[in-house]
Structure formats: C-alpha cells, structure tokens
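This report is written for a reader who is new to the structure shown here. Please look at the sequence and the model before reading on.

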Amino acid sequence: MINTFTRRIYVPFNYRLQQPVNLNNVILRNSSLPPRRFAYHVPSWEPYDAEHLFVERSGIFWVNNLFPIKAHRFDIRSLVFFWPFKEKLKKMFPLEFQVKSIENRVKEGGAYVHFHYDGGDQRNIKDIGEDITESFKKQNRKFHLANKSAHCFLVMGRPFVEDLSARIPTSMLRLTTKGPELSQDEVFRLFRKYGQIVDITYSEEVKGRINVSYERPEGAIAARNCLHMFNYNGTTLVIEYRPVRRLGFIKEQFTEHPRIMIPLVAILFTILTVILFDPIRSYFIGKKMDEPFQDNVKQSDSFFIPWEPRLHLEDTMLAHVNAHPRAITRVTGPKGSGKSSLVR
C-alpha cells in the first residue's frame, strides 16, 4: 500500500485521464511533504488522557507566560514576539525529566510539555507535578517580553488542542458538568489554584452549567487547559471560553433600553463637544485679548465739541486704553450720552 502522505506519484503527460494508468510507467519517489507553518499537528500524547499517562510515569505540563496572549483575531503580537524558547524551557526541568515534545499554544501565551519521568523514586506523578510547580515559582524566569514569570501546572484531564481562530482566550470560563452536579465549594477548590477568581455563578437556564470568572486571562487559560475533560468523583468537566460581549452588548442595550441609552448618548456627545471645542474657543479669545488696541480712525474737530465740558474724561479713557492688553474697559452712561463717540 502506498502512503499518500509521504510519497508523490509522477504520471507522464502522454496519458489521458480517460485511459487507465499503467503502474509500471509510474515513477515513485520518496519525499516528505514540506511542513506548513500553520498546519495542525496531532499532539504526541494522543489519544490518551492524563490518567493513562500517569500509569506510564508520563504526563503533560502546561506552562504559561511564554508569549503575549491573543486579545482578538487580528492581534499579531504573538507572531512579532515569537522567539525560540524550547531549549530555555527544557533547562528549567530536572535531569530526570525526559521532554518528549513541546506543543506551542501561541494564542494562549503558553505551551504543553509532554514528559516522561525517569527518576528512581516511586512517588506519584501528581506529587512530582506539585514539586515542579514550586520549582518554577522559585526560579522566577521570564521569557522574552513577558511581564510575569513562567508558571507550570500539571494537566489533570485531556486537553483540547485546537487552532480555531474564532475562539479567543478570555478571563471567563463556561463549565459544563456531565454527571453529579458540583457544589460551589468544590468548584472553588478545583479552580482557585490557577488564579484569582472573581465570581462563580450557576446558570438558571441550563442545568449543570457553571460560569467561572477570573481576574486575569492567565488563570482562565491554565484552568481550561489543565481541567478540560477531567473526571472528578464521577463528574466530567467540559470547559470552554465565554466570549466577551462587545458590539453585540451595546446593540442589545440600544434595542432593549432606548429611553436610557439615547439620553445617555446625548450627554456623552455634549461632554465630548465641550472637551474638544472649549480649548479652541479659549485659545482664540486669549489671542484676541493679547492684541494691542490701535485707533486708526481719523478724528475730526467735531469729536471734541460735545465733550468740552468733560474733557478730563479723555485722559481717563486713554489711560485705560493704554493699560495691559488683558484689561477690559467698561464705559457706562445713559442712553444718548455719546458713549460710542467717546470710544471711537
């Protein structure tokens, strides 16, 4: 049998598609297909779960804070800041750990480490995993441009390794239980070690569905990758990310609460207008006040005729006009007394 994934078949051009191909004239050449950069590769531990690997003194670690977490579909930080890290990561494990493979999870900012333990002691893999977790905390190493040091957790279930571009990691998880329902105390004890939990709520519409909200997405990512398909006292945990409602949430609020949203938008628009245009108005007013006063109007002799009894007011007016440019002079008097003529 010819393996179509590892061999290529070259057929001469003089054969037509309607004619049967003579296999004696077919040239077989051994050539492996070139790996694609974004091709999906089956993890090395498939099709086994963590419990089966524990029996063989093997297991899977989840290591986070290796790359920036993907915030949306068009976030390219993970590709820009992607640097070789596998050798540095392998050195963080003791010598008795044989690293079989490292599966990158670029959008989640971490990687899976498939290992085999060659130590002579007969300790449980779960106890060894706790020691590795504490060892990572003591080493406190940072990778590339990560703000926090790398943390390591032992995978307890069967991780769902996918590359679906529409599923973006968030800080909220949707937990679906298959079996006896878990209490809030049990959920807290299972999920708390991966990060600070904000809230745990039970769905009123779907039975067995629990929403777990973390303070940061790193905790939600670690919990999802370590506890997915984990069997806890006869209950299987199915974990997925809860999408963050952004534009859909705003549209829903406009549709359901127009009496509140429309005045709110008007208020926000007024505040935005004041913030943007008030500095411009203040600038032009200040510029106008800073300009010195210039009297370019030619005065006639009739200007002094009605003011002969009060010529002393002219000196006072000129003193105010020649004052600091930011000063404001106010001329008051009864109607028809010639205030405009005095200013001109």
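This is a predicted model: local features need pLDDT of at least 70, side-chain atom pairs count only at pLDDT 80 or more; totals for chains, interfaces and linings use all residues.

Residues are numbered from 1 along each chain as its sequence is written, and side-chain values use heavy atoms, with hydrogens and water left out.

**Overall**

The secondary structure comes to 10 helices and 11 strands; helices (H or I, at least four residues) and strands (E, at least two) are DSSP runs, numbered from the N terminus. Of the 344 residues in the protein, 31% are buried. Here buried means under 20% relative accessible area, exposed means over 50%, and partly exposed lies in between (1.4 Å probe, protein chains only). The protein exposes about 24,000 Å², with carbon and sulfur atoms supplying 57% of it; accessible areas come from the Shrake-Rupley method with a 1.4 Å probe, and for residues only the protein chains shown count as cover. Among contacts (heavy atoms within 4.5 Å) between residues at least 6 apart in sequence, 67% join residues at least 24 apart.

**The sheet**

Strands of a sheet pair through backbone hydrogen bonds, either parallel or antiparallel. In this model, four strands make an open sheet in the order E4-E5-E3-E6, with antiparallel pairing. Strand E4 (97-105) and strand E6 (151-154) are at the edges with a single partner strand each, so one side of each has no neighbour in the sheet. From one strand to the next, the twist averages 25°. Two strands count as paired if DSSP finds at least two bridges between them.

| Strand pair | Sense | Bridges |
|---|---|---|
| E4 and E5 | antiparallel | eight bridges |
| E3 and E5 | antiparallel | six bridges |

E4 and E5 form a hairpin with four residues between them, and Gly 109 in the turn has a positive phi of about 75°. Glu 103 has Tyr 112 in E5 as its bridge partner, and Ile 102 has Val 113 in E5. Ser 58 is opposite His 116 in E5.

Is E5 mostly covered or uncovered? Eight of the eight residues of E5 are buried. Gly 110, Tyr 112, His 114 and His 116 are on one side, and Ala 111, Val 113, Phe 115 and Tyr 117 are on the other.

**Helices across the sheet**

Helix H4 (residues 125-139) lies across strand E3 (58-64), E4, E5 and E6, and runs at about 175° to E6. Helix H6 (residues 217-227) lies across E3, E5 and E6, at about 165° to E3. These angles run from 0 to 180 degrees between N-to-C directions, with axes as lines fitted to C-alpha atoms, for helices over the stretch in contact. In H6, 10 of its 11 residues are buried, including Ile 221, Arg 224 and Leu 227. After H6 comes Met 229, with a positive phi near 65°.

**Single residues**

Phe 67 lies in the loop between E3 and helix H2 (77-80) and counts as buried because its relative accessibility is 5%. Phe 67 and Phe 143 are 76 residues apart in sequence but 7.5 Å apart in space, C-alpha to C-alpha.

Thr 177, in strand E7 (residues 172-178), is buried, with a relative accessible area of 10%. Leaving aside neighbours within four places in sequence, the contacts of Thr 177 include Leu 182, Gly 208 and Thr 235.

Tyr 283, by contrast, is in helix H8 (residues 258-290) and is exposed, at a relative accessible area of 52%.
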